[in-house]
Amino acid sequence: NSINVLSSRALPHNAPSNTVKDVIEEDLAISVKSVLSEDIHEIPELGRRWTIVFSHHVGEHGRDVNIPLLQVIDDNLQGKDAQVWTHTGFEGRGILNGTFA
């Protein structure tokens with residue numbers, strides 16, 4: 001979590017959806033609506049995707065639906081051509097509050 005500099009524990013390549021959700025909520029203090037995990041190939045070791053829908057996090061000004069960007073640390077990846085990345089499908093859809101001129 002780039003806002004509060006928290007890191008999560010390591011996740012195995014075959015982590016189920018509920019584990020990924022628990023790790024994000026417990027370790028990074030970000031509320032998650034849902035996590036979908038799917039094998040990209042018939043053999044899970046050849047590719048896995050987690051699609052995560054976030055709810056909110058509690059930031060400096062209270063509840064905020066604009067979730068901080070997550071970073072992936074791939075130091076412990078093993079295997080030929082092993083890689084990991086994140087993708088933000090969209091951002092900035094939070095409701096604006098306050099007085100505007």
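Here is a short walk from the overall fold to the charged pairs.

Before you click, note that this is a predicted model, where local features need pLDDT of at least 70, side-chain atom pairs count only at pLDDT 80 or more, and totals for chains, interfaces and linings use all residues. Residues are numbered from 1 along each chain as its sequence is written, and side-chain values use heavy atoms, with hydrogens and water left out.

**Stop 1: the whole chain.** Colour by secondary structure and you'll find one helix and three strands, in the order α-β-β-β along the sequence. Both kinds of element are DSSP runs numbered from the N terminus: helices are H or I with at least four residues, strands are E with at least two.

Now show the surface. The protein exposes about 8,200 Å², and carbon and sulfur atoms supply 51% of that (accessible areas come from the Shrake-Rupley method with a 1.4 Å probe; for residues, only the protein chains shown count as cover). Of the 101 residues, 17% count as buried, where buried means under 20% relative accessible area, exposed over 50%, and partly exposed in between (1.4 Å probe, protein chains only).

Stop 2: How many salt bridges does the structure hold? There are five, a salt bridge being a side-chain nitrogen of Lys or Arg within 4 Å of a carboxyl oxygen of Asp or Glu. Select Asp-27 and Arg-9 to see one of them, with the closest N and O atoms 2.8 Å apart. Asp-27 sits in helix α1 (residues 17-28) and Arg-9 in the segment before α1, so this pair ties together parts that are 18 residues apart in sequence. Is Asp-27 buried or exposed? Asp-27 is buried, at 17% relative accessible area, while Arg-9 is partly exposed at 41%.

**Stop 3: Arg-49 and Glu-38.** Move on to this salt bridge, whose closest N and O atoms are 3.5 Å apart. Arg-49 belongs to strand β2 (residues 48-59) and Glu-38 to strand β1 (residues 30-39), so the pair links parts 11 residues apart in sequence. Arg-49 is partly exposed at 41% relative accessibility, and Glu-38 is partly exposed at 30%.

**Stop 4: Arg-48 and Asp-39.** Select these two for another salt bridge, with 2.4 Å between the closest N and O atoms. Arg-48 is partly exposed at 22% relative accessibility, as is Asp-39 at 35%.

**Last stop: a network.** Select Arg-9, Glu-26 and Asp-27 together: salt bridges that share partners join these residues into one network.
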